[in-house]
Amino acid sequence: KNGTLANSPVQKYLDKKSNSSSALKEVLKTPFHYKFYTEMRQYEKPKDHFDLGTFAHKAFLEPELFSSVIIEPDHALNSTEGVTNMVRFYEKTNQCGNLDLSKHKMADLRAYLVDLKAACPYQTIKREHQDIIDIVNYNYKTYGGGLIPRLLKGACAETSFYGKDKEAGLPVKIRPDSFNIEENIGVNAIISFKTTSAQSLGKFIYDSAK
């Protein structure tokens, strides 16, 4: 109605020269904060390890991710035996058959292991993370009598919106976690997921307000 909606990669959204909510909050501090945020800062590189908060965030939008993890065994990778055992684990997981490793040196085994990990259809996690994921999955399905799946029925995730502020004439943008429409859930709603480790109601309310 008043702008453009795009289903595009997040990097394209970040590169778009428009003002996000975060940028506008920076200008309330000082003009230099705004300049740094929009022109000088470096975006964070994607994490190369399992991050529970990030996983939970994505899994609420894509529930199939709850079943896309697998516990990696604790084999020592500083020995030929340990690397070999890890290779066999990933060969079995990837269902690709066992390669003859008898003539492979340690460097070759490690290189092969890297390839197997890259081809793995699952995200590998630690045992303690699996326990937490199971709890999050249970609460995702049961919280509020199944409220979360109902709110997300037919929702669109990670969609970019671009427009222009009517009063200031500034280009603006927003990329909500998800949005849904009245036709699906009775109201037009922007849905944003936040995580907290609050262990009391007071702290939860504080984190929610923050």
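Predicted model: local features only at pLDDT ≥ 70, side-chain atom pairs only at ≥ 80, totals over all residues.
## Overall build

The chain folds into ten helices and eight strands. Its radius of gyration is 22 Å, well over the 17 Å that the globule rule gives for 210 residues, so the chain is more spread out than a compact globule. Along its principal axes, the C-alpha trace spans about 70 × 45 × 35 Å.

Of the 210 residues, 25% count as buried. The chain exposes about 15100 Å². Carbon and sulfur atoms supply 55% of that area. Contacts can also be sorted by distance along the sequence. Among contacts with a separation of 6 or more, 55% join residues 24 or more positions apart.

Three strands make an open sheet in the order 1-5-6, with antiparallel pairing. Strand 1 (3-6) and strand 6 (171-174) stand at the edges. Each has a single partner strand, so one side of each is left without a neighbour in the sheet. Neighbouring strands here are turned by 15 degrees against each other on average, direction ignored.

Strand 1 and strand 5 pair over four bridges, in the antiparallel sense. In this pairing, Ala6 stands opposite Ser160 of strand 5. Strand 5 covers residues 160-164, and its antiparallel pairing with strand 6 also runs over four bridges. There, Tyr162 stands opposite Lys173 of strand 6. Strand 5 and strand 6 form a hairpin, with six residues between them. In the turn, Gly169 has a positive phi of about 75 degrees.

## A closer look at Ser160

Ser160 lies in strand 5. Is Ser160 buried or exposed? Its relative accessibility is 0%, and buried means under 20%, so Ser160 counts as buried.

Which residues does Ser160 touch, leaving out those up to four places away in sequence? The contacts are Thr4, Leu5, Ala6, Ser8, Tyr13, Ile174 and Arg175. Of these, Ala6 is also the residue that stands opposite Ser160 in the pairing of the strands. Tyr112 gives another view of the chain. Tyr112 and Ser160 are 48 residues apart along the chain, and their C-alpha atoms are separated by 39 Å.

Another open sheet of three strands has the order 4-7-8. Its pairing is antiparallel. The edge strands are strand 4 (156-157) and strand 8 (189-191), and each pairs on one side only.

Strand 7 covers residues 178-180. Strand 4 and strand 7 pair in the antiparallel sense over two bridges. Ala157 has Ser178 of strand 7 as its bridge partner.

## Cysteines

A disulfide is a covalent bond between the sulfur atoms of two cysteines. How many disulfides does the count come to? The count comes to zero. Cys120 is in no disulfide. The nearest cysteine sulfur to that of Cys120 belongs to Cys96, 10 Å away.

Burial can be stated for two of the cysteines. Cys120 has a relative accessible area of 12%, so Cys120 is buried under the 20% cut-off. Cys156 has a relative accessible area of 37%. That value lies between 20% and 50%, so Cys156 is partly exposed.

Technical notes: Residues numbered from 1 in each chain as written. Heavy atoms only, no water. Pairing = 2+ DSSP bridges. Axes fitted to C-alpha atoms, helices over the stretch in contact; angles between N-to-C directions. Rg over C-alpha atoms; globule rule 2.2 N^0.38 Å. Buried < 20%, exposed > 50% of the residue type's maximum accessible area, 1.4 Å probe, protein only. Contact = heavy atoms within 4.5 Å. Areas by Shrake-Rupley, 256 points an atom, 1.4 Å probe, with all protein chains shown as cover. Disulfide = S-S within 2.5 Å.
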